[in-house]
Amino acid sequence: MKHRYCVLNVVVALSLALFLSIPAANAKPASNDIVALFDGGRAFFQVQALTAFGPRVAGGDQEKAAAQYIASEMVNYGLEVTIQEFGIDYFEELSTPVLERVSPDPTIYAAGVDFATMTYSGSGDVTASVQAVDLLMPPTGGSTSGCEPADFAGFAAGNIALLQRGTCTFYEKAVNAENAGAAGVIIFNEGNTPGRTGLLFGTLGGPGVTIPVVGTTFALGEGLYTLLQAGPVVAHMDLDTISEPRTSQNVIGTLVGTQPSQGIVYIGGHYDSVSVSPGANDDASGVAGVLEAARVLGTKGHRTKATLKFIAFGSEETGLDGSYYYVVENYDEVSTSGIGMINLDMIAVGDVLQIGNIGYVGGSGPELKDFTQEKATAMGMPWESFAASANSDHTYFEQVGVPAVFITQRPDPYYHTSEDSVDKIQVNTLEANGELATAAMYDWAKNPLLRAKKAAKIKKVHVHHDKVRQAD
Ligand SMILES: [Zn+2]
């Protein structure tokens, strides 16, 4: 054992000697060059350019226009660019929904309090009689209301179906109602347990139902049911939605490495945003970092051994659809050649730089995360480690075993609000985090095999160092 320590001491000495012998005389660019080349002003300009499209909702025209812009920028930097299209389920509610009781006792229900549009509901402006379908009142067990087509045996076409939550999906209930000729559907919370009395926010899971469908509180449904025991009830529903299959797209720029067999390092950010937000920090900031990294590494002759891929993901906000599609569609490439993935999501607002990953067991391992954290320290940047969740585009890369790091700045008080606008962007933060990501990508890809060996040695030295400390 002692002997081994001696060998390791030699390794340490050699490493130090090598390190110290790389002065400015060495022409090969290192992180210092990246820092000098990465231009925070240019990155900020990209945030402005992306937010100028308006909210870039997944599947929408603004998202498509932004994709074209990103692609043209990447082409300008000399990258090979492809646009990868994929299908998504699109849903948008165009106006505040209406649900009211016309008779008896006209009553206007409050959207978001008494009722809510089900995601992927169809549209319609309907005034019709309410008809109860196989309700379990009082709710003593599990309701099967509307789960079987036979539930609608006596249903009068053109009526609004009053259904109760339970047993089958909202989609099955709504489709059975639509097939029976219902003009609209009200599904009230089941009422059989305390957790099933409040406002029912539901989703139909995807497009397909063309009539308006709302979820309600148990109280609202119970009230309609009680009135129906005494006589006819007429309701008015007015929902204005778009629920349809659409396409979204990833924009992929590639710089082929000098030794492509050494693998691929990815850097990515998502360019879509939520509908209520300009999406400046979330995530025009990350895409700006990706674009400026692409410009620096694409135009300055910095060729790495590993191939570099710069990806602007579409449809992140809908559930990581773009990055999921990329990993699944390019499964062989990602799982066999992916040696690193840097995800930039929200990098330009807040006081604290966080660097972490999910750390799936059997997945990515910590290597690129550690490498990036060490680089941040070396660059004089304060940072904190964090356990990332499966909430951004690193997720599926990690799941197939790619060493990943998620770089993000916190906290952002404007997250997913109309206030996430260009004026909140901290240009210095955008620049520093972009430099870190670009330097990490470059150095990770520059010489993957040497880097891997060096990482192994560093690990052993750390073990040795601990032993020495214990001896002290
Ligand atoms: Zn985001």
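Two strands pair if DSSP finds at least two bridges between them. Helices (H or I, at least four residues) and strands (E, at least two) are DSSP runs, numbered from the N terminus. This is a predicted model: local features need pLDDT of at least 70, side-chain atom pairs count only at pLDDT 80 or more, and totals for chains, interfaces and linings use all residues. Residue numbers start from 1 along each chain as its sequence is written. The protein chain holds 13 helices and 16 strands.

**Whole chain**
- Of the 472 residues in the protein chain, 47% are buried (20 or more other C-beta atoms within 10 Å of the residue's own; exposed means 12 or fewer, partly exposed in between; C-beta atoms are placed from the backbone).
- Take contacts (C-beta atoms, placed from the backbone, within 7 Å) between residues at least 6 apart in sequence: 82% join residues at least 24 apart.

**Strand 8 and its partners**
- Strand 8 covers residues 213-216.
- Val213 and Gly215 point one way from strand 8, Val214 and Thr216 the other way, and all are buried.
- Strand 7 (residues 184-188) pairs with strand 8 in the parallel sense, over four bridges.
- Isoleucine 186 has valine 214 of strand 8 as its bridge partner.
- Strand 4 (residues 115-117) pairs with strand 8 in the antiparallel sense, over three bridges.
- Phenylalanine 115 stands opposite threonine 216 in strand 8.

- An open sheet of eight strands runs in the order 1-10-12-11-13-16-14-15, with mixed pairing.
- Strand 1 (80-93) and strand 15 (384-387) are at the edges; each has a single partner strand, so one side of each lacks a neighbour in the sheet.
- From one strand to the next, the twist averages 20° (axes are lines fitted to C-alpha atoms, for helices over the stretch in contact; angles run from 0 to 180 degrees between N-to-C directions).
- Helix 4 (residues 61-76) packs on the sheet and touches strand 1, strand 10 (241-255) and strand 12 (307-313); its direction makes about 5° with that of strand 10.
- Helix 10 (residues 367-378) also packs on the sheet, touching strand 13 (338-344), strand 14, strand 15 and strand 16 (404-410); its direction makes about 155° with that of strand 14.
- Strands 1 and 10 pair in the antiparallel sense over 14 bridges, and isoleucine 83 has valine 251 in strand 10 as its bridge partner.
- Strand 14 (residues 352-357) and strand 15 pair in the parallel sense over four bridges.
- Isoleucine 355 stands opposite serine 385 in strand 15.

**Aspartate 283**
- Aspartate 283 sits in helix 7 (residues 280-299).
- Aspartate 283 is buried, with 34 other C-beta atoms within 10 Å.
- Beyond neighbours within four places in sequence, aspartate 283 contacts Gly269, His270, Tyr271, Asp345 and Met346.
- A cis peptide bond joins aspartate 282 to aspartate 283, with omega about 0°.

- Most residues other than glycine have a negative phi, and most peptide bonds are trans.
- The bond from methionine 137 to proline 138 is cis, with omega near -5°.
- Proline 138 lies in the loop between strand 5 (124-132) and strand 6 (160-164).
- Threonine 167 has a positive phi of about 70°, in the loop between strand 6 and helix 5 (170-179).
- Leucine 320 has a positive phi of about 60° and counts as buried, with 21 C-beta neighbours inside 10 Å.

Conventions: Contact = placed C-beta atoms within 7 Å.
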